[in-house]
Amino acid sequence: MKKKNPEKEWLEILIDDKTNETKQPEQKSARGFGDVAGMENLKQMVTEGFINVLNNRECAKAYGITPPSILFYGPAGCGKTYFAEKIAEEAGINFIEVAPDDLASTLVHGSQEKIGELFREAEEKAPTLIFFDEFDALVPQRTNDDRSCQNGETNEFLCMLNNAAEKGVYVLAATNHPERIDRAVLRTGRIDEIIYIDMPDEEARKSLFRLLLSKVPVADDIDYQKLASMSGGYNCSDISYIVKLASRKMFNESIREKDKPFKVITQDLLEASIASKSPSVTSRDLREFERLRGEFSPKDVAQKRVAIGFH
């Protein structure tokens, strides 16, 4: 099970087998929302409904409110998982990331026991944000067969999700297939908010290029607006890979001439990298997600509201 704790002490002592010298790793930055490009509406929503509540508990108690449990859904590669970790960093609370394999078991009722242990551990370390990736695989729609192991696992989740926030355990989940989740899980009190995370728009793509390129040797004359215009239809993962392609090329050129400064990534190289990479989310995929959005976020579609993810 993947466990990350933004509050833990960063110092770890590593022993070099050859020199037997101790090395202190460089401290990793935990900048929270400062590491997230775009998603301004979502940042505001999470700040007002989640982070502000945690930071003003006495006032929140007076109004009888707790942070909501949230499900993110939408196309793959749009930052759902990454944003979850940044929420925990922004709030300064414990973070546990859970994938379906983490709860798998060959024993009868073994997965149910793991689910219970997970929530108990989170409560002991409260406040804790548990992030469930591929949530549809963890809580699939139940069948009429009461002997089904998956039914038991979904039932266990239903029990654990009930009023978890009152115990200091906050739930955030992500899926590309909300239609596969058992509907009882999606009712308020278990999952309170169901939020569609859209593909990044042009302004978000521009911000993402700027953020990613700020961490590598890059030319001074990069046209971020042009890069954003050229990358329509690309998700966050695609844009990250485009920058990696350019970085890899300059890395190999730099090590061939070790005595010279690192070679910088240029506008032409980035444009060539965009041209060499096709979007990973197809137009057919997007049409299906718009259909799901109409089912799970009907008011969002009916009122033609802007998607909360990247606009």
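1. Where is the place of Gly 38? Gly 38 lies in the loop that runs between strand S3 (22-23) and helix H1 (40-55). Before going further, a word on the model: it is predicted, so local features need pLDDT of at least 70 and side-chain atom pairs count only at pLDDT 80 or more, while totals for chains, interfaces and linings use all residues. Residues are numbered from 1 along each chain as its sequence is written, and side-chain values use heavy atoms, with hydrogens and water left out.

2. Some overall bookkeeping. The protein has twelve helices and eight strands; these are DSSP runs numbered from the N terminus, with helices being H or I of at least four residues and strands being E of at least two. Of its 311 residues, 43% count as buried. Buried here means under 20% relative accessible area, exposed means over 50%, and partly exposed is in between (1.4 Å probe, protein chains only). If you take the contacts between residues at least 6 apart in sequence, 77% of them join residues at least 24 apart. Contact means heavy atoms within 4.5 Å.

3. Back to Gly 38. Gly 38 is buried, at a relative accessible area of 11%. Leaving aside neighbours within four places in sequence, Gly 38 is in contact with Lys 43, Ala 204 and Ser 207. Take Ala 204: Gly 38 and Ala 204 are 166 residues apart in sequence, yet their C-alpha atoms are 4.6 Å apart in space.

4. Phi of Met 39 is near 55°, a positive value in a residue other than glycine. Met 39 is also buried, at 3% relative accessibility.

5. How do H1 and H3 meet? The axes of H1 and helix H3 (residues 80-91) come within 10 Å and cross at roughly 40°. Axes are lines fitted to C-alpha atoms, for helices over the stretch in contact, and angles run from 0 to 180 degrees between N-to-C directions. H1 and H3 are therefore oblique to each other; angles under 35 degrees count as roughly parallel, over 145 as roughly antiparallel, 65 to 115 as roughly perpendicular and the rest as oblique. H1 passes H3 in a right-handed crossing, meaning that the near helix is turned clockwise from the far one by less than a right angle.

6. On the H1 side, that contact is made by Leu 42, Lys 43, Val 46, Phe 50, Ile 51 and Leu 54, and on the H3 side by Phe 83, Ile 87, Glu 90 and Ala 91. These divide into eight nonpolar, no polar and two charged residues. For the classes, Ala, Val, Leu, Ile, Met, Phe, Trp, Tyr, Cys and Pro count as nonpolar, Asp, Glu, Lys and Arg as charged, and the others, Gly among them, as polar.

7. Another helix pair is H9 (residues 236-256) with H10 (residues 267-276), packed at an angle of about 125° with axes 9 Å apart. That angle makes H9 oblique to H10, and H9 passes H10 in a right-handed crossing. H9 brings Ile 242, Leu 245, Ala 246, Lys 249 and Met 250 to the contact, and H10 brings Leu 269, Leu 270, Ser 273, Ile 274 and Ser 276. By class, the residues of this contact are seven nonpolar, two polar and one charged.

8. Now the largest nonpolar core, which has 29 residues; Phe 119, Ile 130, Phe 132, Phe 135, Phe 157 and Val 185 touch the most other members. A nonpolar core is a set of buried Ala, Val, Leu, Ile, Met, Phe, Trp, Tyr and Cys residues joined through side-chain atoms within 4.5 Å. Among the elements that each supply at least two residues of this core are helix H4 (110-124), strand S6 (128-132) and helix H6 (149-161). H4 gives the most, with four residues. A second, separate core of 28 residues includes Phe 72, Ile 93, Leu 172 and Val 281.

9. Ile 130 is found in strand S6 and is buried, with a relative accessible area of 0%. Not counting residues up to four places away in sequence, Ile 130 touches Ile 96, Val 98, Leu 118, Phe 119, Ala 122, Val 169, Tyr 170, Val 171 and Leu 172.

10. The peptide bond from Ala 126 to Pro 127 is cis, with omega near 0°, and Pro 127 is in the loop between H4 and S6. Glu 134, in the loop between S6 and H5, has a positive phi of about 50° although it is not a glycine. Glu 134 is partly exposed, with a relative accessible area of 45%.
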